[in-house]
Amino acid sequence: MAEEAELMCGKCKQPLVKAQVVASYLGAEFPIELLRCPGCGVVHVPESLATGKMFQVEQALEDK
Amino acid sequence: MDREQVRRWESQCIQEQAPACASACPMHVDARKLAECARKGDFKAGFSVLAAAVPVPLIVAYVCDHPCQRQCRRADAGDPIRIHELEKACAEFGGASPTLRVQNKRNREILVCGSELSGVSAAILLAQKGYNVTLHEPGPALLGSLRGLGDGFLPQMAIGTDMAALEALEIEVCYDRELPHDEEAILALRHEYDALFFEAGAWPFTFTGDPATLATRHPGVFAGNAWQELSPVYAVYEGSVAAISIDRYLQGASLTANRENRGAYPSRLYMNTQDQIPLAAVESADPEQGYTREEAQQEAARCFPCQCLECVKVCEYLKEYKSYPKRYVREIYNNECIVMGVRKANRMINSCALCGLCTTVCPENLSMAEVILAARRGMVETGKMPPSAHDLALRDMAFSTSDAFTLARHQPGHASSAVAFLPGCQLSSSSPEHVESVYKHLRETTQGGVGLILACCGAPAQWAGNEAKFAEARAELTASWEQLGRPKLITACSSCIRTLHDHLPQIPVESLWKHIDLALIAPPTAPKRLAVHDPCSTREMREVEDGARALLRELGVEIEELNERGLTTCCGFGGLQQFANPELADRTAQRRAATSNTDYVTYCAMCRDRFSLRGKRAVHILDLIFPADDGADPAARLDPGFSRRQEGRARLKRRLLRDLWGETEAEMDELFELEIAEEVRALLEKRMILVEDVRQAVEHAEKTGEKLEQPGTGHWLAMWRPSCVTYWVEYSGGAGSFTVHNAYSHRMQVK
């Protein structure tokens, strides 16, 4: 699935929009801009982020 | 980790022990390093090695009687290295006045009587420590006994260069001065000097010095023994002993403490010379001139150099981190001690296969598995084990200890069990049909009923350092065994045997291999020649290995041994290496797979599958005894992967219940079909995502409507976070049939 393409929330039937959200793991928190549903608040984590930077940060935090 | 235990582990690793040459030298000249420098043609650096150890390096280079050479391990494969000739080459091509480092001046006077090698050495070493030294030579010249040796043996230039140190160190030299000859008058010199040292034979009477410290019965008076006459390097050594003792005496320190490894001692460093090609020493074209630079380089290149590394040579894991156990133990201990900061050794700790090969090959039997397990247990106890390290393995074990797989029954129609069959999780996962065949066979050949226990012995939790989960699994297995009336267990799994043997000694257990009666089965002819791979968990269980070999011989297999018995290597699954460090586990399997071109036969389901994954043709011994009905080539059978392993276990239980006990367990309602292409399955496998996780994500999305849509593509994105991992699944379809296109996961929570 193309990551930059427009995404619709299946539940709220409205497009996701960019929003400041917080990613947290093992007590550490990071602000990040991602697509979020204005209705139910579900946040999309794209594959490249999950398997790239996010994975690296998870590994680093696990060694703290 | 217990600090004392850590020290014991460290001391078991001998890699940092001095080589035989250095420990045979009373001055501990690092001849191994000197040879390395000479090999590179860096004779200046080679000479520095000598100069760092002895106070008169040029002289020693020429006159040393080289006890090092007599201990050189090269002698086991050719001639010993001509270390003395290398020292001469270093002096010849790289010799120079040594750099003199002088400590702060101390206002203390020392008299050294006698100026042969020990007196001169003592004087130089004491002056370097900052003492004011007076050197008495009763004759007309220093080093009188060396002066007449001739330039061919000791160039006078060498004496001149080394003796320049006396002036540089402001040592006062007195020649031809009469000293009193009676002991009382000599001792009166103590009023002028803070300490006295008499070189052996320097005076008409003899003080007797203690061999270890050279202290005489008179405080502050030290005297040499007879080394002077025996060996030049021991004369230098005696001077250094005197210098250390006098320094300690003047500082009020113990003369005897920590002097155990002074002087020559037997080396603990192990050097395996078995596989070394014998090489003769390089002969000098002109023996009178000694080696040319090139000849010295060639001779130095014969030095192995001596080092142990027996464990590192045989283990991909120990090789991976480019060091050796002594340093690993320290790193691991330091890792545990970190309060704030990054624990850099976590991955290293979690990457060991715990296979025990290092212990077998170690001359001191150091067990890295013991070190690693202690570290992992500590990490789990303190909550510092990275959550992702063993997550999938422990979830898989949870599945094996859940109702989806576990079972403990007497044989149908029996109220007791003479024995019980414990196939183990991985055989049940990889080839459940073999479990059914074996159970049928055991029922046919055993009187008194054969019970069946489907359970996990807890090995994955033990490997993960998770003692609580390991204890739980053991308790559940023990309960099943008791439920069946405590029968002897027959198992097809090497890890189960190991675990039961080590942790549940009350449960009698035997390997399956001695309970198979081939006459009854009459299997087809097996391939003529196969190479046997023993699983690492049975390393010390010769009877299990022998049982498998006996069966193979009975099957008509010509056995090829992959290694000396007891030296098998891991397939990469042991110790959960495959989960914590998949790349390393691949190399571990590859190394083993590359040992022989012959097809492998093994008796561990996991080992077979790991080889198959690397493209190595391998069969399980049960493939030969109970071949597939369709005649498929068992050596070409693919690794089922994590997801199908679980499915295999669940199906096995359902089938056994249905076929043997007439029970139909309510099947898990699978509400829809999932189509997953093999390349997508491979991706899931790599990302350690189970098909079951994918199924639940899709099910959750379809039930709740919580999914994302990319308009125009017909693809949906399901997200599901059952506990601490979020799964994303891209899928399409509907009406009870879906196609999975992609999946990924992350542990971070996003809100």
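1. Contacts along the chain. This is a predicted model. In chain B, take the contacts with a separation of 6 or more: 71% of them join residues 24 or more positions apart. Burial is a separate count. Of the 751 residues in chain B, 48% are buried.

2. Overall form. Chain B holds 35 helices and 20 strands. Its radius of gyration is 36 Å, while the globule rule gives 27 Å for 751 residues, so chain B is more spread out than a compact globule. The C-alpha trace of chain B spans about 115 × 65 × 50 Å along its principal axes.

3. A helix pair. Look at α21 (residues 391–400) and α33 (residues 641–661) of chain B. Their axes lie 10 Å apart, at an angle of about 10°. Angles under 35 degrees count as roughly parallel, and α21(B) and α33(B) are therefore roughly parallel to each other. From α21(B) come Leu392(B), Asp396(B), Phe399(B) and Ser400(B); they meet Phe642(B), Gln646(B) and Arg649(B) of α33(B). This contact has 3 nonpolar, 2 polar and 2 charged residues.

4. The side facing chain A. Here 28 residues of chain B contact 27 residues of chain A. Strands β16, β17, β18, β19 and β20 of chain B each supply at least two residues to this side. Which strand gives the most? β16(B) does, with 4 residues. The chain B side divides into 11 nonpolar, 9 polar and 8 charged residues.

5. Strand pairing between chains. β16(B) also pairs with strand β1 (residues 8–9) of chain A. The pairing is antiparallel, over 2 bridges. Met8(A) has Glu709(B), in β16(B), as its bridge partner.

Methods: Residues numbered from 1 in each chain as written. Chains lettered and ligands numbered in written order. Predicted model: local features only at pLDDT ≥ 70, side-chain atom pairs only at ≥ 80, totals over all residues. Rg over C-alpha atoms; globule rule 2.2 N^0.38 Å. Buried ≥ 20, exposed ≤ 12 C-beta atoms within 10 Å, placed from the backbone. Contact = placed C-beta atoms within 7 Å. Axes fitted to C-alpha atoms, helices over the stretch in contact; angles between N-to-C directions. Parallel < 35°, antiparallel > 145°, perpendicular 65-115°, else oblique. Nonpolar A, V, L, I, M, F, W, Y, C, P; charged D, E, K, R; others polar. Pairing = 2+ DSSP bridges.
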